[in-house]
2 protein chains.
Amino acid sequence: MKTAREQCEASNTLKNAGLSQTSHRKRILHILIHADTPLSVSDILRQLDQERKMNKVTVYRILSSFKSEGIIREIPTDHGVNRYEMACQHNPVHPHVYCRICRTMTCMPPITLSQVWDLFAAPSDFRIDNINVSITGLCRTCQRK
Amino acid sequence: MKTAREQCEASNTLKNAGLSQTSHRKRILHILIHADTPLSVSDILRQLDQERKMNKVTVYRILSSFKSEGIIREIPTDHGVNRYEMACQHNPVHPHVYCRICRTMTCMPPITLSQVWDLFAAPSDFRIDNINVSITGLCRTCQRK
DNA sequence: ATCATAAATGCAACAGGGTTGCAAATATTA
DNA sequence: TAATATTTGCAACCCTGTTGCATTTATGAT
């Protein structure tokens, strides 16, 4: 029985997705695998730059390919900044809690929507302003193109 | 029994929220009330400009005050563009379906998350890439400030 | 190993959403 | 109607994310 972190190991992940084994991709995977919250591009750049700089365009392109291959999941926020988490470590899909002031995002256990409501009906540390459920994909028209 | 559109009527909405009755606010409310999908700021500006131009800063500020007062609900998208819907016309909170190509957003009936899964497990016109559940608000630390 | 080809990366410049400071215009209250 | 507080417009700006093109790096066949 492998742990989620082993299953997500960089070179296997890239091989399974049919992506070439570049040092850039491995570095970004390494950061995502060891993150304990979903990361933004600026979070990733900051971590990369501690060791060796990487161009932001490269980061965007790598994340874009990871997203297409289903390696990572993208989470939009109110502030227009997307965050990313490893799909294999964060299964199944689960709610995220986001503070609109300090912009901290944390993962919740994978429960149903009505359970989310129940959870926050009780007195809690977190004051909810808004709950969003978004289903993103391709509409019928755009699938044909 | 009033219809949702009557309940949302502009001058009452502003009065209840304690906001002054400016023509700008009424124009934006009018557009939101008559929208059949959640609108982005550029959607709103485009509609406004057909009649008489309004500065985009004003639109952002008005939407921001509406959001603080709970008059409208904000829905983030993968593309970093927020969309807005009248809270009183769109109760309770419900999922949104968003096409990542044409960027069309539509409202779904207010069902639970597991029902959403069931709905899309069956053959469907819409191909799901990603489901996001986000709870936005204030964490304990930021509530104190 | 080495070479040719395809893919990945860096750089500069750009596009668009959203924000801030300040001056001018408008609404509210007395 | 005048005084004050609020709202609006304008210019300039910040940040996220994208595009085109030149350069570098990985891959696959010889």
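**View 1. Chain B superposes on chain A by a rotation of 180 degrees, with 0.0 Å of shift along the axis and an RMSD of 0.0 Å.** The same surface serves both copies, as 100% of the contact residues of chain B recur in chain A (contact means heavy atoms within 4.5 Å). This is a predicted model, in which local features need pLDDT of at least 70 and side-chain atom pairs count only at pLDDT 80 or more, while totals for chains, interfaces and linings use all residues. Residues are numbered from 1 along each chain as its sequence is written, chains are lettered from A in the order in which they are written, and side-chain values use heavy atoms, without hydrogens and water.

**View 2. Here helix H3 (residues 23–33) of chain B packs on helix H5 (residues 56–68) of chain B.** Their axes lie 10 Å apart at an angle of about 75 degrees, so H3(B) and H5(B) are roughly perpendicular (65 to 115 degrees). From H3(B), the contact takes in B:His24, B:Arg25, B:Ile28, B:Leu29 and B:Leu32. From H5(B) come B:Thr58, B:Val59, B:Ile62, B:Leu63, B:Ser65 and B:Phe66.

**View 3. Now to chain A, where helix H3 (residues 23–33) crosses helix H4 (residues 41–51) at roughly 120 degrees.** The axes come within 11 Å, and H3(A) and H4(A) are therefore oblique to each other. On the H3(A) side you will find A:Arg27, A:Ile28, A:Ile31 and A:Leu32, which meet A:Ile44, A:Gln47, A:Leu48 and A:Glu51 of H4(A).

Notes:
Axes fitted to C-alpha atoms, helices over the stretch in contact; angles between N-to-C directions. Helix = DSSP H or I, 4+ residues; strand = E, 2+ residues; numbered from the N terminus. Parallel < 35°, antiparallel > 145°, perpendicular 65-115°, else oblique. Least-squares fit on C-alpha atoms with pLDDT ≥ 70 in both.
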